[in-house]
Amino acid sequence: INTFYSNKEIFLRELISNSSDALDKIRYQSLTEPSALDSGKDLQIRIVPNREDKTLTIEDSGIGMTKADLVNNLGTIAKSGTKAFMEALQSGADISMIGQFGVGFYSAYLIADRVVVESKHNDDEQYTWESSAGGSFTVAAATGAPLGRGTRITLHIKEDMTEYLEEKRIKDVIKKHSQFIGYPIKLLVEKEREKEVSDDEDEEEKKDKEEDDKEEEKPKVEDLDENDDEDAD
């Protein structure tokens with residue numbers, strides 16, 4: 001059971017890995033059908049923590065899922081996989097092995113009690129899949145912000161798991177588990193400064209902003225190190 005608790009952070013590895021696979025698929029498709037990228041040429045993963053709403057969103061511009069994909073891929077596992085998965089965890093199974101069982105997506109329920117998946121495939125409209133950890137799910141036409149193409153997973157974080165909304169914690173987990181992902185991983189960060197700043201500090205703040213802007217352009221998550229150093233100064 002200790003393994004179970006200490007490894008909850010791997011949910012992010014699993015979801016980023018799924019996003020990377022989806023990006024691979026659209027990239028391969030575009031080699032023979034260049035128009036597949038008309039719905040969005042930037043191949044990337046975005047992570048958006050929202051401390052106010054207690055949500056963590058992982059969004060990619062990958063191949064996306066049709067309504068049938070959402071029902072078949074996520075729905076089937078929701079009925080059978082989640083229960084077996086949770087039971088295996090309770091009995092002390094090694095959680096880091098779960099990717100082998102094709103239920104990596106369900107690691108989301110380690111830190112979330114409700115998961116909403118919005119997805120847009122080139123061959124279909126945008127749909128929303130939603131499920132709490134109980135196993136039943138709904139799929140409906142999407143009402144959220146439109147995706148050009150890809151998948152947006154919103155995790156409604158459990159009360160005792162809010163550490164995964166902290167910028168530093170997210171960066172650490174990405175660096176530890178996902179440093180070899182071949183696509184840009186962009187983390188939306190809040191910069192709040194309420195105090196009055198002197199000219200010197202103003203310059204420093206501009207420098208911070210320039211670092212952040214540069215950060216946006218860089219593909220590897222290790223480059224977050226520069227921001228960390230900046231923050232430490």
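**Ground rules.** I'm working with a predicted model, where local features need pLDDT of at least 70, side-chain atom pairs count only at pLDDT 80 or more, and totals for chains, interfaces and linings use all residues. Residues are numbered from 1 along each chain as its sequence is written, and side-chain values use heavy atoms, with hydrogens and water left out.

**Strand β4.** I looked up β4 first, at residues 126-132. Strands here are DSSP runs of E with at least two residues, and helices are runs of H or I with at least four, numbered from the N terminus. I then checked burial (buried is under 20% relative accessible area, exposed over 50%, partly exposed in between, with a 1.4 Å probe and protein chains only). Five of the seven β4 residues are buried, so the strand is largely enclosed by the rest of the structure.

**Its partners.** Two strands pair if DSSP finds at least two bridges between them. I found β3 (residues 112-120) running antiparallel to β4, with seven bridges, and a hairpin of five residues joining them. On the other pairing, β4 and β5 (residues 138-141) are antiparallel too, with four bridges. I followed Trp129 through both: Val117 is its bridge partner on one side, and Val139 in β5 on the other.

**Met161.** Next I went to the loop between β6 (150-157) and α4 (167-177), where Met161 lies. Met161 is buried, at 9% relative accessible area. What does Met161 touch, not counting residues up to four places away in sequence? I got Lys8, Leu110 and Ile111, with contact meaning heavy atoms within 4.5 Å. Ile111 is 50 residues apart from Met161 along the chain, yet their C-alpha atoms are separated by 5.7 Å.
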